[in-house]
Amino acid sequence: MRTIGVVTVARSDYGIYRPILSKIEMNPDLRLHLIVSGMHLSPEFGLTVREIEADGFPIGDRVEMLLSSDTPEGVSKSMGLGILGYAQSYSRLRPNILLVLGDRFEMLSAVVASIPFTIPVAHIHGGELTAGAIDEAIRHSITKMSHLHFTSTDIYARRVVQMGEEPWRVLVAGAPGLENLNSLQPLGRKELRNRYGFHLSGHTLLVTYHPETLKYDRTESDVRELLSALEQLKCEIVFTYPNADPCGRLIIQMIEQFVARTVTARVAPSLGSHAYFSLMKCVSAMVGNSSSGILEAASFKLPVVNIGDRQCGRVRGKNVIDVGHSRAEIVQGIRTAISPEFRAGLEDLRNPYYDERCAEKIVDKLNSVPIDDHLLLKRFYDHTNMNI
């Protein structure tokens, strides 16, 4: 039986993994070894490991790594602690293949620690661009340390090959998290109101804003502009917490202060994917710079006001309105997003990341790929037609 180690470090990647985890468990030739780390184990970020436990997936290991600091020094030290913790995990049980996702610093620690163990790494969502975040460098670094690549679009697959990865290692699979939406039984407005206190009457905005980690020194002024814009519009506002990035705690503090003085605003540290997707069906628009505005929102034909550079370079649907950081641009973007004319123009929208067989493709590959020197010994793929 082949053991697939899966590293999850936050609510964001866990929701994407869920269809894959189910299919691994259903395959009699595979054994799931789930390694839970990062924000999942932090009460400050909602202790989202409880969602994993509630779903019934067995947790093979827990790796504590986050310090209670989001300064650059704190994040770097957390990465070091992560490498130590993951190394101990692999010593206890060395998976046959390690499955990782995305571009978080906690995920990078897991991949770095795997190198001396010669564990083949399979990476989901490589080849994408996020020009405003350190995630950009982390994602591409993970690509170069990985042996299999499950990209979400053809464009991203070509980019991975451009980085010197052999084409046979790359599979265009789509975005696995979108499969969650096929079986979603959404919570209704009344249930969301009873559980979380959301009114959901009139125009409601779902707001998730993360630091632009390449410009984290501007976080306070950027968030102030966003909050001023929201105050000006007088819509109901539902905030979710940012990630554990540099200055993430500053954003949380500013949001909590805004909610305390604004009767139409609520904050939910972590909704869980079921409630989060249910909310996306009910709100008028998303605002911020979350990847969910790029990946999932198109499936709901939901308008998105994407602020700044954090998601710059990603493929996006026509539901996304890109704006700068000034309150004037944000206000104009939101007014456009909630207008009946803009919403009507999204009726024929197709999500560019959707593939109905995504999780099946990934699990089939994890099960069938020979684990031998051909997989483990990477060779740089040179483009013969490249002009230097």
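This is a predicted model: local features need pLDDT of at least 70, side-chain atom pairs count only at pLDDT 80 or more; totals for chains, interfaces and linings use all residues.

Reader: What is the order of the seven strands in the open sheet?

Author: The order is E3-E2-E1-E4-E5-E6-E7, with parallel pairing. Strands (E, at least two residues) and helices (H or I, at least four) are DSSP runs numbered from the N terminus, and two strands pair if DSSP finds at least two bridges between them.

Reader: Which strands stand at the edges?

Author: Strand E3 (59-63) and strand E7 (170-172) do; each has a single partner strand, so one side of each is left without a neighbour in the sheet. The twist averages 20° from one strand to the next; such angles run from 0 to 180 degrees between N-to-C directions, with axes fitted as lines to C-alpha atoms, for helices over the stretch in contact.

Reader: And how many bridges pair E1 with E2?

Author: Strand E1 (residues 2-8) and strand E2 (residues 30-37) are paired in the parallel sense by seven bridges. Arg2 stands opposite Leu30 in E2.

Reader: Turning to E9, which strands are joined to it?

Author: Strand E8 (residues 204-208) is joined to E9 by four bridges, running parallel, and Val238 in E9 is the bridge partner of Leu206. Four bridges also join E9 to strand E10 (residues 265-268), again in parallel, where Phe239 has Val267 as its bridge partner. From E9 the chain crosses through helix H9 (residues 248-261) to E10, a right-handed β-α-β crossover; right-handed means that, with the strands pointing away from the viewer, the path from the first strand over the helix to the second runs clockwise.

Reader: Is E9 (236-240) covered or uncovered?

Author: Strand E9 is mostly covered, with five of its five residues buried. Buried means under 20% relative accessible area, exposed over 50%, and partly exposed in between (1.4 Å probe, protein chains only). Glu236, Val238 and Thr240 are buried on one side, and Ile237 and Phe239 on the other.

Reader: Where is Thr118, and what is its phi?

Author: Thr118 lies in the loop between helix H4 (105-114) and strand E5 (121-124). Its phi is positive, about 50°, although Thr118 is not a glycine. At 48% relative accessibility, Thr118 counts as partly exposed.

Reader: And His125, buried or exposed?

Author: His125 counts as buried because its relative accessibility is 5%. This residue is in the loop between E5 and helix H5 (135-145), and His125 has a positive phi of about 70° although it is not a glycine.

Reader: Now the largest pocket: how much space lies in it?

Author: About 270 Å³. A pocket here is an open set of points on a 1 Å grid over the protein atoms alone, where a 1.4 Å probe fits, with protein on both sides within 12 Å along at least five of seven lines; lining residues have an atom within 4 Å of a point. The volume is the space filled by probe spheres set on the points.

Reader: Which helix gives the largest share of that lining?

Author: H1 does, with four residues. Helix H1 (11-26) and helix H10 (273-282) each supply at least two residues of the lining, which includes Arg18, Glu179 and His274.

Definitions and conventions
Residues are numbered from 1 along each chain as its sequence is written. Side-chain values use heavy atoms; hydrogens and water are left out.
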